[in-house]
Amino acid sequence: METSPIFTEPKIKHMTTPNFNEFRMRCSAIGALMTEPQLKADKEAGNLSATAKTALIKEYSRMVDGRMDDIFSKPMQKGTQQEDESITTLSLYDGRFYVKNEQRLKNEFVSGECDIDDNDGIKIIDIKSSWSNTTFLQSMMKPLDSDYYWQGQGYCWLYDKPRFEIAFVLVNAPFDMIESEKRKYLWSIGNPSEHNAYITDHLAQIEKNHTFDDMPIEYRVFKHCVERNDDDIARIPAKVIKARQFMQEIFEKRISR
Amino acid sequence: METPAIYEGAKVLTTKGLFSQENVRKKFEELLGKRAPQFIASVLQITASNDLLAKAEPHSVLNAAAMAATLDLPLNASLGFAYIIPYNDRKAGKCLAQFQIGYKGFIQLAQRSGQFKTIASTPIYEGQIVEMNPLTGFKFDFALKTSDKVVGYAAFFSLVTGFEKTFYMSVDDVKKHAGKYSQSFKNGYGVWKDNFDEMACKTVTKLLLAKYAPMSVEMEKAAVADQAIIMNDSGTDVTYIDNHEEIPMTKEDIQRNRLQKLIDNAKSADDLLKIRAQVPAEMHDLFNEIAEAKNF
């Protein structure tokens with residue numbers, strides 16, 4: 001999972017004019033940047049879509065002002081806390097010894113840090129720890145999300161690899177998280193001092209929903225593969241240049257007020 | 001594997017070196033008599049065969065071994081009486097050896113006291129609980145098992161005086177207990193993760209004895225020293241490092257754990273060769289050490 005700095009100082013300091021020409025799109029956000037605008041004229045002019053602008057406003061908020069949305073979501077917490085467990089599960093599934101990649105790469109236009117840079121020389125892998133059995137099955141049954149497709153193109157470009165794999169992995173939620181879910185349920189029914197059979201069953205169900213040791217490993221891993229597409233990669237720089245201009249616009253509008 | 005070195009004055013002391021010192025050998029002879037050399041050899045073998053334990057501070061290994069010798073519990077893992085477990089204390093920047101007693105160890109000590117007629121513990125399966133009374137206790141019918149689902153763990157003892165007691169904890173209670181007392185359980189690794197049944201049986205046995213049994217001096221000592229880093233060789237000064245310290249696994253621990261699981265899963269020598277080809281060169285020694293046990 002590509003992580004973003006949390007609770008860190010903004011990269012670009014206030015009161016100085018940021019140099020947006022050095023802005024690079026994170027691989028995980030390239031997908032939004034590459035969405036096409038609705039109007040034909042905008043499309044032909046290579047302008048940014050509304051989705052791209054929304055994503056860039058978030059990037060601006062994160063980079064310039066050090067403010068981030070949605071950093072405490074439970075799925076994200078699980079993903080962060082269980083990352084190593086997910087890599088181990090994928091290692092066992094593939095029968096390959098994987099090591100967490102800690103090298104963040106950048107080129108002139110994009111930056112990113114994939115989860116695994118496989119030493120087979122062919123692929124890089126990103127891992128998504130699914131929140132629940134349902135979200136895992138949904139990821140399995142849906143066609144590959146375009147955000148992941150573009151994230152893969154970004155990584156293939158950065159790591160110079162012909163293939164990107166995105167692995168959805170189902171691992172247990174951390175103990176504290178399961179206990180927190182149980183407490184939340186008990187709180188919602190008024191913290192009864194005694195647990196009847198219904199409550200005990202409900203607590204057991206919460207635990208079952210978040211633990212998967214009873215499932216064979218083959219049921220707990222699913223992969224989408226993305227082949228490198230140099231034509232699509234070649235389209236990224238023009239959009240990043242537009243993104244830089246849009247961020248400059250945000251900055252100027254703010255200081256002019 | 002080379003054991004870690006500590007400096008005593010100008011001399012470098014390894015775990016092996018520490019155990020070869022005259023005063024140390026004498027101490028074990030006092031405790032174990034003629035069995036001392038065999039016991040020391042088993043400690044050194046355990047230390048050498050465990051990468052993390054090999055890094056542990058020699059004196060913490062000595063104190064944990066002295067506790068096992070004091071209680072006269074062998075450290076052979078296959079017997080399950082007592083263990084020396086490494087703990088990587090990142091806060092202090094060192095690896096320490098922790099003494100842990102297995103539930104069979106508690107049972108052994110209880111039997112030795114001469115006061116127990118029976119003592120046992122077991123997982124309880126769905127359907128086996130026939131009565132749950134908070135005052136008089138639990139009753140089980142082991143013939144009524146309806147599925148393979150473990151719902152709890154029970155321990156039981158009866159004394160020669162006729163007093164008997166059963167203690168039961170649901171799986172959820174055991175997990176809460178583990179979460180409260182073991183950081184490694186909360187983080188999803190360690191003996192609780194790898195050997196839940198045995199740890200659960202130990203928990204109910206230990207709590208049953210602590211709450212209801214007449215404790216011999218040895219049993220009290222064992223209860224205090226269990227899961228502790230022993231700070232002196234008499235075992236009177238202990239600290240429960242796993243209970244309150246945040247001990248996240250190091251990157252090396254995680255990779256070792258992953259490699260161990262991958263090697264455990266290997267079905268043939270060919271599989272092992274494929275795995276070895278992916279392992280970074282700096283981990284080849286570790287790979288060889290773990291793979292040796294596969295014996296294809």
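# Close-up views of a predicted two-chain model

**View 1. Chain A meets chain B.** The contact between the chains draws 21 residues from chain A and 20 residues from chain B. This is a predicted model. The size of an interface is often given as the accessible area lost when the parts come together. Here, chain A and chain B bury about 1,900 Å² between them. Carbon and sulfur atoms account for 53% of that area. Three residues of chain A stand out: Leu92(A), Phe97(A) and Phe175(A). They supply 38% of the area that chain A buries against chain B, more than any other three residues.

**View 2. Salt bridges between the chains and within chain A.** Over all chains, the structure holds 29 salt bridges. Three salt bridges are counted between chain A and chain B. Asp172(B) and Lys182(A) form a salt bridge through their side chains, at 2.5 Å from N to O. Another salt bridge, between Glu36(A) and Lys239(A), has an N to O distance of 3.9 Å. This pair links distant parts of the chain, 203 residues apart. Glu36(A) sits in the loop between helix H1 (30–33) and helix H2 (40–45) of chain A. Lys239(A) belongs to helix H10 of chain A.

**View 3. Two helices cross in chain A.** Two packed helices are described by the angle between their axes and the distance between the axes. Helix H7 (residues 146–159) and helix H10 (residues 230–255) of chain A pack at about 90 degrees, with axes 10 Å apart. H7(A) and H10(A) are therefore roughly perpendicular to each other. From H7(A), the contact uses Tyr149(A), Trp150(A), Gln153(A) and Trp157(A). From H10(A) come Asp232(A), Ile233(A), Arg235(A), Ile236(A) and Pro237(A). Which kinds of residue make up the contact of H7(A) with H10(A)? Six are nonpolar, one is polar and two are charged.

**View 4. A four-stranded open sheet in chain A.** The strand order is S4-S5-S6-S7, and the pairing is mixed. Strand S4 (116–117) and strand S7 (221–227) of chain A are the edge strands, and each pairs on one side only. Strand S6 (residues 163–169) of chain A runs antiparallel to S7(A), and seven bridges join the two. Look for Arg163(A): its bridge partner in S7(A) is Glu227(A). Helix H6 (residues 133–141) of chain A lies across S6 and S7 of chain A. Helix H6 of chain A runs at about 35 degrees to S7(A).

**View 5. A three-stranded open sheet in chain B.** This sheet has the order S5-S8-S9, with antiparallel pairing. Strand S5 (116–125) and strand S9 (164–170) of chain B each have a single partner strand, so one side of each is left without a neighbour in the sheet. On average, neighbouring strands of this sheet are turned by 10 degrees against each other, direction ignored. Nine bridges join S5(B) to strand S8 (residues 150–159) of chain B. Which residue of S8(B) does Ile124(B) stand opposite? The residue is Gly152(B).

**View 6. A helix packs on the chain B sheet.** Helix H10 (residues 196–212) of chain B touches S5, S8 and S9 of chain B. Its direction makes about 40 degrees with that of S8(B). Leu207(B) is placed in helix H10 of chain B. Beyond its neighbours within four places in sequence, Leu207(B) is in contact with Phe167(B), Met169(B) and His177(B). Leu207(B) and Ala155(B) are 52 residues apart in sequence. In space, their C-alpha atoms are 8.9 Å apart.

How values were computed
Residues are numbered from 1 along each chain as its sequence is written. Chains are lettered from A and ligands numbered from 1 in the order in which they are written. This is a predicted model: local features need pLDDT of at least 70, side-chain atom pairs count only at pLDDT 80 or more; totals for chains, interfaces and linings use all residues. Side-chain values use heavy atoms; hydrogens and water are left out. Axes are lines fitted to C-alpha atoms, for helices over the stretch in contact, and angles run from 0 to 180 degrees between N-to-C directions. Angles under 35 degrees count as roughly parallel, over 145 as roughly antiparallel, 65 to 115 as roughly perpendicular and the rest as oblique. Contact means heavy atoms within 4.5 Å. Ala, Val, Leu, Ile, Met, Phe, Trp, Tyr, Cys and Pro count as nonpolar, Asp, Glu, Lys and Arg as charged, and the others, Gly among them, as polar. Two strands pair if DSSP finds at least two bridges between them. Buried area is the accessible area (1.4 Å probe) that two parts lose on being put together, summed over both. A salt bridge is a side-chain nitrogen of Lys or Arg within 4 Å of a carboxyl oxygen of Asp or Glu.
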